[in-house]
Amino acid sequence: MQYASDLIFMRDYHPDNPFFILWGFVQRILLATNGKESAKKAEDYAINLAAEKKLPLAIIYVRDSIWRRFSEEVDWLSTHRARKDFQKYMEEYTDAEEKALFSRLEKALTEKGIDFEMVALSGNPADEIVKYADDNGFDLIVIGEKEKKGFAKIFGTTSSKIAKRAGCKVMVLK
């Protein structure tokens with residue numbers, strides 16, 4: 001498997017023992033997270049790395065737009081009202097998810113005295129994360145990955161797509 005970036009997998013990361021970056025000078029770190037359990041190690045790692053190295057941290061959350069495409073292209077939402085109700089529900093759900101995630105991370109970052117920025121985008125998560133990292137000159141993307149099951153084994157996970165396409169180093173924590 002060929003990767004555009006240098007891929008580093010970390011399986012046994014523990015927040016009390018930060019991994020020392022041996023592969024080069026890192027100035028700009030991007031944490032890509034969806035707030036799920038599989039992303040928590042990546043969040044902890046990025047926060048501790050930024051605190052240890054006294055670096056600012058950018059956090060990106062991408063609302064997967066697949067639900068919008070799905071709701072516009074299927075017959076089970078055949079009425080205009082059903083479609084609009086579903087879209088409203090999904091927007092409210094993702095708004096709440098984003099707000100809870102950013103609030104939780106803001107508290108942790110503030111407690112550690114880390115300068116940070118938080119960005120929320122909408123679209124295909126892998127595409128948006130790679131584009132944002134490349135456009136803004138990040139040296140490292142930190143992302144979590146859960147165990148591959150079902151279609152992810154066939155089509156690949158978001159983190160594997162990012163690792164293949166990113167123009168910078170990618171650290172994937174499991």
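Trainee: What makes β2 and β5 a pair, and how do they run?

Mentor: Four bridges join β2 to β5, and the two run parallel. Strands are DSSP runs of E, at least two residues, numbered from the N terminus as helices are (H or I, at least four residues). Pairing asks for at least two bridges found by DSSP, so four bridges qualify. Leu31 stands opposite Val142 in β5. The model is predicted, so local features need pLDDT of at least 70, side-chain atom pairs count only at pLDDT 80 or more, and totals for chains, interfaces and linings use all residues. Residues are numbered from 1 along each chain as its sequence is written, and side-chain values use heavy atoms, with hydrogens and water left out.

Trainee: Which other strand is joined to β5?

Mentor: β6, through five bridges, also in parallel. There Val172 is the bridge partner of Ile143.

Trainee: Why is β5 called largely enclosed?

Mentor: Five of its five residues are buried, so the rest of the structure largely encloses β5. Buried means under 20% relative accessible area, exposed over 50%, partly exposed in between (1.4 Å probe, protein chains only). Leu140, Val142 and Gly144 cover one side, Ile141 and Ile143 the other.

Trainee: Does Glu98 count as buried or exposed, and why?

Mentor: Its relative accessibility is 17%, under the 20% limit, so Glu98 counts as buried. Glu98 sits in helix α3. Leaving aside neighbours within four places in sequence, Glu98 is in contact (heavy atoms within 4.5 Å) with Tyr61, Arg63 and Ala120.
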